[in-house]
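Me: I would like to go through one part of this model with you. Please keep the answers plain.

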Amino acid sequence: MVSQELIERFSKRHQEIDRKTRELLAREPEKAGRNINAIRDHIAHKERARKIKDVGIARLQSLWNGQLSFDERLRLTRLDRNPPLQLDAPKMTAAEAVTWAEDHLFDRRSVVREQELWRHALEHARGRDVSLPEIQAVTKERGYVRDAVSPGRVTTREVLGREWEIVCLAREGMRSYRPLCARPPVANPALDKEQRQAVNHILTSRDFVTLFRGAAGTGKSYTLREVDLTLRRSGCMVQVLAPQRQQVMDLERDGFMGAQTLSAFLARGSLPRGAVVMVDEAGQIGGRQMLELLRQVKEKEGRVILSGDTHQHGAVEGTDALRAIERHSGLEYAELTNIRRQNPDDAKTQAERRWLEQYRLAVAEAQAGKLSQSFDRLDKQAAIVACTLANQQQKLTERFLELVNANYSTVVVAQTWSEIHKVNERVRDGLKAHGLVGQEETAVTALERGFDGCPKTGCAILHS
């Protein structure tokens, strides 16, 4: 194990923040009663030194080695060669780790790099007696379909077959139905020209799958709400779905009736015959779930409206299922491009107006794929808080409680179920400590979406 003394020796930024915090409180003792963590965060962001560019790894390694004794370097080398095993962890084989990585990656993307499979398999097998050569030997024998043009990129015949069936279901249903609404009424005057065109395109669609695209902040949900109301007034049965529970809650808040998570809908399989299924944030749906959805709706002679943006969630949760339909089915789609959210004209002060202008520029840069420029702009606006694996749950919890106390509606997003459960535990303890939820707890069964896209049983805690 790495000694605490060695960890502290290399935690120079942490020590610097501690020192500057003490100096600030000594100069301004009236701030001692404030949130110390908020003060530290401010120092961490506003007083950090610029990173030195063009410093090679060899130079950094030399600097680090110069701070270690011979015995410390020897112990670290031995630790690198023989990492400690989790003796109480269940046994796992390399094949099981690779299968987990395949389920995790191939449900989201049709083609991945083989080294990504190695990385995710190693992460999943962390602490077990599984080595990289063993994992590489498993993937070598897996029988992947390999990309001759871009070596290292792989897929499976199962994944290709699933994607092909998704595209065929969409393509075969083109112009095969009556318009969704026989006589679309004059659209809501609150909608602008672009939104009205999108509503009319969707309502007059004669396809089995109708596509509706729009980036974040373009008013997609408001436009989709007009479609929902019009269909219901014309006598259509409408089922509204979204991939995540929070998205369903947002839809219900915006007036969509009877919204469900996609996992719950697929598990129940209770679609009325001839119904129209509207799916919000469809770009987050994995291949297995997309195929199962289309099959169920097709069997019940229904129609599907897929609303989403294939670029919006690529780094976190995006999948190739919707992108495959867009690229290969030949379907035309309705689209919104004008950003309507966080309008600077609605600002109450000049400072707020300038902040909103910069925020919208960052959104536009992200939408155009200029992620580095977008993050730099947000960083200059102090919209990004840096944290470590050791303190991220604490910082998330503290900030969440601050916003709750200020009566803000807040969503915390995490990438893995492990992180979600850890944050939820910390947040729940904080809410209990502040008297915002009761002390008594009741366990209930809930559905969580697994990496294979299928619902699995989980546990949720309710407070009195």
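Me: Which strands pair with β8?
Reply: Five bridges connect β4 (residues 209-214) with β8, and the two strands run parallel. Two strands count as paired if DSSP finds at least two bridges between them. Strand β7 (residues 276-279) also pairs with β8 in the parallel sense, over four bridges. Helices (H or I, at least four residues) and strands (E, at least two) are DSSP runs, numbered from the N terminus.

Me: What should I know about the model itself?
Reply: This is a predicted model, in which local features need pLDDT of at least 70, side-chain atom pairs count only at pLDDT 80 or more, and totals for chains, interfaces and linings use all residues. Residues are numbered from 1 along each chain as its sequence is written, and side-chain values use heavy atoms, with hydrogens and water left out.

Me: Which residue in β8 is the bridge partner of F212, and which is that of M278?
Reply: F212 has S307 as its bridge partner, while M278 has I305.

Me: Is β8 covered on one face or both?
Reply: Both faces are covered: R303, I305 and S307 are buried on one side, and V304, L306 and G308 on the other. Buried means under 20% relative accessible area, with exposed over 50% and partly exposed in between (1.4 Å probe, protein chains only).

Me: Changing topic, which residues of helix α12 are buried?
Reply: In α12 (residues 245-253), they are Q247, V248 and L251. These residues lie on the same side of α12 because they cover an arc of only 100° around the axis, taken from the directions from the helix axis to the C-beta atoms.

Me: And what comes just after α12?
Reply: G255, which takes a positive phi of about 100°.
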